[in-house]
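Hello,

Here is the structure we talked about handing over. Please load it first, then read the notes below.

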There are 2 protein chains.
Amino acid sequence: MAAPATIQCCAPIAREPLAEAEAAELAALLKAVADPVRLRLLSMIGSHAGGEACVCDLTDSFDLTAPTISHHLKVLRTAGLIDGERRGTWVYYRIVPETVNKLGALFAPLAEPAATGRVELELLPV
Amino acid sequence: MAAPATIQCCAPIAREPLAEAEAAELAALLKAVADPVRLRLLSMIGSHAGGEACVCDLTDSFDLTAPTISHHLKVLRTAGLIDGERRGTWVYYRIVPETVNKLGALFAPLAEPAATGRVELELLPV
DNA sequence: GGCGTACTTCGACAAACTTCTAAGCAGGAG
DNA sequence: CTCCTGCTTAGAAGTTTGTCGAAGTACGCC
């Protein structure tokens, strides 16, 4: 038929071979989130009220020392996934949506037009 | 207006804190793709004509020995991201869409109804 | 100034990862 | 059967990563 072919998996990763440099860049990003602690940290920061979380809010959820949490936050920050700012006594972290969206675009670029440019999403408030 | 609120980043990872067990499972999956070589392997397999690629097709693109490629393929297979089958002389690998979609759903669940179930996509042939 | 709290940096160490060489197994060809 | 090719397994070396304790920096309070 003349209908578009149905492809089982259409993530961009499965559309054309990834260039070497691109793969290296994305792998670095993926390595930053490929850890249970960092995944939870990212999730806690992103879902926290106001869009930002104090380190003190995060530490209590883990059986880890403060230096370890600080290390993981640094890995996420170095990767560009989060951004931190000191305000008075506390340090607040916030998600960097552009970087997170790079990962989303890798595996599931449902919105084709947006995939190549800025990804702006709307969600119904539950 | 009555329109739904626009949220900057709406990946599920930023909607509610990830449970510990869930984070561990996803981190294992992410660790499997968090490597430039494996990312390219996955991409080459997924984008290969017929949806599957022989190991011999993959090896030549890398400056690595055959055992190393074999090792990376095993990591991807153990994670459930690809599946391999021997046919005669050659071994063919194929992507497992369900597993790849888990990653896509993590960071960019654009199709809300599909995100929780099976994701079936249509792509226009260029 | 001196002290206490919040967080980060430093230095160290065990565990895990990437890569290699060498050896093994499975199929096809002569 | 014997050899050759395609791929995997096994073992080892070097590097990276996750975690800790100790020390350092920044800020607010007395």
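**Sheet in chain A**

A:A53 has A:Y93, in β4(A), as its bridge partner. This is a predicted model: local features need pLDDT of at least 70, side-chain atom pairs count only at pLDDT 80 or more, and totals for chains, interfaces and linings use all residues. Residues are numbered from 1 along each chain as its sequence is written, chains are lettered from A and ligands numbered from 1 in the order in which they are written, and side-chain values use heavy atoms, with hydrogens and water left out.

Helices (H or I, at least four residues) and strands (E, at least two) are DSSP runs, numbered from the N terminus. Two strands pair if DSSP finds at least two bridges between them.

Strand β2 (residues 52-54) of chain A pairs with strand β4 (residues 90-95) of chain A over 3 bridges, in the antiparallel sense. Strand β3 (residues 82-87) of chain A also pairs with β4(A), antiparallel, over 6 bridges. A:R87 has A:W90 of β4(A) as its bridge partner. The hairpin of β3(A) and β4(A) has 2 residues between the strands, and A:G88 takes a positive phi near 70° there.

**DNA strand D**

25 residues surround DNA strand D. A residue is near the strand if one of its heavy atoms lies within 4 Å of it. The closest are A:T68, A:H72, B:C54, B:S70 and B:Y93.

A side-chain N or O atom of A:H72 is 2.5 Å from a phosphate oxygen of DNA strand D. For B:Y93, a polar side-chain atom lies 2.7 Å from a phosphate oxygen of DNA strand D. A:T65 uses a backbone N or O atom, 3.0 Å from a phosphate oxygen of DNA strand D.

Elements giving two or more residues to this surface are α4 (66-78) of chain A, with α3 (55-59), α4 (66-78) and β4 (90-95) of chain B.

Regards

Methods: Polar contact = N/O pair within 3.5 Å; in protein donor to acceptor, adjacent residues only side chain to side chain.
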